[in-house]
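The following exercises concern a single protein chain. Please work through each task with the sequence and the model in view before reading its solution.

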Amino acid sequence: MRTDDFWQLIDRAREGGGGEPDAIAARAVALLAERDPDDIVEYAHHQRRVLAASYRVDLWGAAYLINGGASGDGFEYFRGWLMTQGRAVFARAVADPDSLAELPRVRAAALSGEEFECEDMLAVSWEAYRKATAADLPADRDPVPVPDLNDFWDFDDDEEARRRLPRLAALFVEPPAE
């Protein structure tokens with residue numbers, strides 16, 4: 001599966017998902033389950049590559065600010081949500097995590113406290129394969145390496161957050177008054 005095919009499937013799921021992350025994930029499962037099992041395996045491999053590429057310290061810091069904290073699992077689920085936002089938003093956030101401050105829903109979350117996670121998006125290939133074949137998705141024979149995160153910073157350090165993610169810090173370190 002090529003990168004374009006991967007994101008086109010997610011875009012199609014977004015069209016029928018009503019904008020809610022879990023609905024988008026469910027639609028992605030349905031769409032992927034219609035494909036050949038080999039395509040589902042390729043989707044899973046590509047998703048692991050996308051997740052590995054987004055395994056970045058400053059993106060984790062953005063998730064931490066936006067969601068009021070982010071454990072290792074919380075960061076995974078945040079990136080699942082980020083996938084439901086589509087290719088352009090995802091790519092921009094990986095390149096510049098502070099760009100998430102431009103999303104209206106993220107801006108609104110500074111007041112509402114809404115958190116952004118979608119664990120179901122991470123299980124799309126597993127669920128689709130099970131639905132299509134009644135079997136478990138085979139183990140990846142070509143694992144994707146995960147980058148080393150040696151550049152962690154203290155996500156609770158307000159000054160460091162302002163320096164690294166100024167637009168998000170303006171929203172979440174000192175949230176705007178209602």
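**Exercise 1. A charged surface patch**

In which helix does Asp73 lie?

*Solution.* The model is a predicted one, in which local features need pLDDT of at least 70 and side-chain atom pairs count only at pLDDT 80 or more, whereas totals for chains, interfaces and linings use all residues. Residues are numbered from 1 along each chain as its sequence is written, and side-chain values use heavy atoms, with hydrogens and water left out.

Step 1. Asp73 belongs to helix H5, residues 72-84. Helices are DSSP runs of H or I with at least four residues, numbered from the N terminus.

Step 2. The classes are buried (under 20% relative accessible area), exposed (over 50%) and partly exposed in between, with a 1.4 Å probe and protein chains only.

**Exercise 2. The covering of helix H4**

How many of the 11 residues of H4 are buried, and what covers them?

*Solution.* Step 1. Helix H4 spans residues 57-67, and nine of its 11 residues are buried. Among them are Val57, Leu59, Trp60, Leu65 and Ile66.

Step 1. The cover over these buried residues includes H5, helix H6 (87-95), helix H7 (104-112), helix H10 (158-164) and helix H11 (166-172). Contact here means heavy atoms within 4.5 Å.

Step 2. Just after H4 comes Gly68, with a positive phi of about 70 degrees.

**Exercise 3. Salt bridges**

State how many salt bridges the whole structure holds, and then examine the pairs of Arg87, Glu114 and Glu160.

*Solution.* Step 1. Side chains of opposite charge can pair when their charged atoms come close. The criterion is a side-chain nitrogen of Lys or Arg within 4 Å of a carboxyl oxygen of Asp or Glu.

Step 1. The search of the whole structure finds 15 salt bridges. In one of them, Arg87 meets Asp4 at 2.5 Å, N to O. This pair links distant parts of the chain, with Arg87 in helix H6 and Asp4 in helix H1 (residues 3-15), 83 residues apart. Arg87 is partly exposed because its relative accessible area is 36%, and Asp4 is partly exposed at 32%.

Step 2. Glu114 and Arg105 form a salt bridge at 2.7 Å, N to O. Glu114 is partly exposed at 26% relative accessibility, as is Arg105 at 29%.

Step 3. Glu160 and Arg163 also meet in a salt bridge, at 2.7 Å, N to O. Both residues lie in helix H10, three residues apart, about one turn of the helix. Glu160 counts as buried because its relative accessibility is 18%, whereas Arg163, at 58%, counts as exposed.

Step 4. A network of salt bridges links Arg92, Asp96, Asp98, Glu102 and Arg167.

**Exercise 4. A loop residue**

Where does Ala134 lie, and what is its phi?

*Solution.* Step 1. Ala134 is placed in the loop between H9 and H10.

Step 1. Its phi is near 65 degrees, a positive value in a residue other than glycine.

Step 2. Ala134 counts as exposed because its relative accessibility is 72%.

Conventions. Helix = DSSP H or I, 4+ residues; strand = E, 2+ residues; numbered from the N terminus.
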